Amino acid sequence: MTRRSLSLVRRFFITLVALAVIAPAMLTQRPLVAQEEGADEQAAAAPDLSKIPQGDAKALHAYIEKVATTPPPEDASEEEQVAFAKKSLSSLVTAANRLLEANPSDEQAVDAHGYRIQALQALVALGVEKAQAQYEKALAEARSAKQPRIVGLGWQTYIQDRVQQWDQLDEQAKQAFRDEIIKKVKAEGPQPIDVSIVHTTALQLDGADDEFVVNLLKQAGDLFAKSEDADVKEALAEANFDGMLRRLTLLGNEMEISGELLSGGKVDWESFSKDKVVLVDFWATWCGPCRAEIPNVLDMYEKYHDKGFEVLGVSLDRTPEDAKKYVAQNKLPWDSLFPSNEEERFWNHPLVEYYGISGIPTAILVGKDGKVVHMNARDENLREALQRLLGDPVEKPQAEKAEAEKAAAAS
């Protein structure tokens with residue numbers, strides 16, 4: 001389950017309504033833009049794609065929306081639908097180019113960039129020759145625009161594009177991507193949108209390429225630290241790069257754990273974790289994936305507790321009653337950290353802030369020496385790690401095993 005929607009992204013990145021991917025929408029005959037009541041008949045007749053207006057911004061904008069909302073003929077074959085989509089998308093690109101040269105209004109310029117980028121992206125997916133080069137150029141033009149919304153659109157799409165291709169990119173391409181981001185931060189001095197660009201990239205690649213994210217955060221962080229801009233400082237406080245860096249560099253290092261326990265009192269981490277393998281599990285009862293993982297953790301606890309395995313939860317629930325009820329119903333034998341201060345609950349939990357936790361469940365496994373050995377100790381990862389660290393599990397008598405399985409199934 002992902003963290004709450006980030007206001008940074010909402011502030012600087014726009015999403016064009018009904019422009020997820022134009023080609024698939026056309027091929028499934030799904031309108032891309034909500035039409036006004038009574039417009040169905042008007043949209044039914046396909047526009048003459050060869051008659052693209054010349055220099056009239058209003059006419060060009062109307063043409064673009066007309067093309068984008070016109071599906072292929074209902075009786076068209078799959079081959080004809082693909083041909084129709086390619087022609088429509090190409091017309092959209094041409095019209096968008098002309099609109100951007102026709103002194104458009106701010107809204108028209110935003111739409112022109114958005115339609116052009118998405119149309120070219122779809123043409124690339126359809127294998128149209130030269131579309132890739134045009135797509136890269138369109139992204140670059142959007143990223144260097146004057147309007148923040150267009151810049152945000154360009155960067156958002158650019159980041160998503162690179163992340164989707166990440167496994168296919170070589171180190172040189174990845175370095176070029178990072179250099180492009182740092183260049184943006186340096187260009188006019190750090191701006192709030194630069195914080196959002198770095199943060200979005202970091203969130204997208206968190207867990208996929210932690211080394212890249214750490215290097216990006218360190219490089220950008222040095223530049224952001226020099227800024228006296230109040231908006232930049234506010235954006236940085238919300239992004240919490242320090243916490244993210246602290247978490248991403250945990251592997252092989254010790255965790256700092258403190259706080260109040262759901263059962264009462266405070267955790268003595270040093271005593272609790274001494275000579276134990278401990279799973280620190282950030283969870284909540286409102287988190288579906290967290291609940292789905294509980295039977296696996298219970299199973300591992302039963303099999304490895306006698307060999308030195310412990311679990312310490314970090315609950316992000318809003319009330320202690322919610323957490324206690326779930327613990328009692330599922331007979332969880334381990335405790336969780338839960339703040340008595342209401343302002344420190346949910347995503348404001350001190351440890352969530354300290355380690356820059358952006359999604360739960362986050363399951364971190366600590367070895368007997370107190371150092372983190374696994375950053376995603378869930379499912380088979382947990383089983384394999386415990387086997388490696390503690391050897392074969394302790395097999396329970398059949399009666400106990402059946403009871404445990406029954407309890408897990410009931411949960």
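Biologist: How many aromatic pairs does the structure hold?

Modeller: This is a predicted model. Some of its rings are linked into a cluster by ring pairs, namely W155, Y158, W166, F177 and F212. For the structure, the number of aromatic pairs is 13.

Biologist: What kind of aromatic pair do W286 and W347 form?

Modeller: A pair of aromatic rings is described by the distance of the centres and the angle of the planes. For W286 and W347 the centres are 6.3 Å apart and the angle between the planes is 55°. Planes under 30 degrees apart count as stacked and over 60 as edge-to-face, with the rest called tilted. The pair of W286 and W347 is tilted.

Biologist: How many residues apart in sequence are the parts that the pair of W286 and W347 ties together?

Modeller: W286 lies in the loop between β1 and α15 (288–304). W347 lies in the loop between β3 (335–337) and α17 (350–354). The pair therefore ties together parts whose separation in sequence is 61 residues.

Biologist: Is W347 buried or exposed?

Modeller: Buried means under 20% relative accessible area. W286, its partner in the tilted pair, has 27% and is partly exposed. W347 has a relative accessibility of 2%, so it counts as buried.

Biologist: What kind of pair do the rings of F346 and W347 form?

Modeller: The ring centres of F346 and W347 are 6.3 Å apart. Their planes stand at 65°, so the pair is edge-to-face.

Biologist: Why is strand β4 (residues 362–366) largely enclosed by the rest of the structure?

Modeller: On one side of β4, T362, I364 and V366 are buried. β4 is largely enclosed because the buried residues number five of the five.

Biologist: Which residue in β5 is the bridge partner of V366?

Modeller: β4 is joined to strand β5 (residues 372–374) by two bridges, and the strands run antiparallel. They form a hairpin with five residues between them, and G370 in the turn has a positive phi of about 85°. The partner of V366 in β5 is V372.

Biologist: How far apart in space are R246 and Y354, C-alpha to C-alpha?

Modeller: R246 lies in helix α13 (residues 241–248) and is partly exposed, at 31% relative accessibility. Leaving out residues up to four places away in sequence, R246 touches Y354 and Y355. R246 and Y354 are 108 residues apart in sequence, while their C-alpha to C-alpha distance is 7.6 Å.

Biologist: Which element gives the largest share of the lining of the second largest pocket?

Modeller: This pocket holds about 460 Å³ of space. Two or more lining residues come from each of α7 (131–143), α8 (148–164), α9 (171–187) and α10 (192–205). The largest share is four residues, and the element that gives them is α9.

Biologist: How many residues of the lining of the second largest pocket are charged?

Modeller: The lining has 19 residues, and R143, A145, V151, K184 and E188 lie nearest the centre of the pocket. Nine of the lining residues are nonpolar and three are polar, while the number that are charged is seven.

Key:
Residues are numbered from 1 along each chain as its sequence is written. This is a predicted model: local features need pLDDT of at least 70, side-chain atom pairs count only at pLDDT 80 or more; totals for chains, interfaces and linings use all residues. Side-chain values use heavy atoms; hydrogens and water are left out. On a 1 Å grid over the protein atoms alone, a cavity is a set of points where a 1.4 Å probe fits but cannot get out, and a pocket is an open set with protein on both sides within 12 Å along at least five of seven lines; lining residues have an atom within 4 Å of a point. Grid points are joined across faces, edges and corners, and a volume is the space filled by probe spheres set on the points. Ala, Val, Leu, Ile, Met, Phe, Trp, Tyr, Cys and Pro count as nonpolar, Asp, Glu, Lys and Arg as charged, and the others, Gly among them, as polar. Buried means under 20% relative accessible area, exposed over 50%, partly exposed in between (1.4 Å probe, protein chains only). Contact means heavy atoms within 4.5 Å. Two strands pair if DSSP finds at least two bridges between them. Rings of Phe, Tyr and Trp (its six-membered ring) pair if their centres lie within 6.5 Å; planes under 30 degrees apart count as stacked, over 60 as edge-to-face and the rest as tilted.
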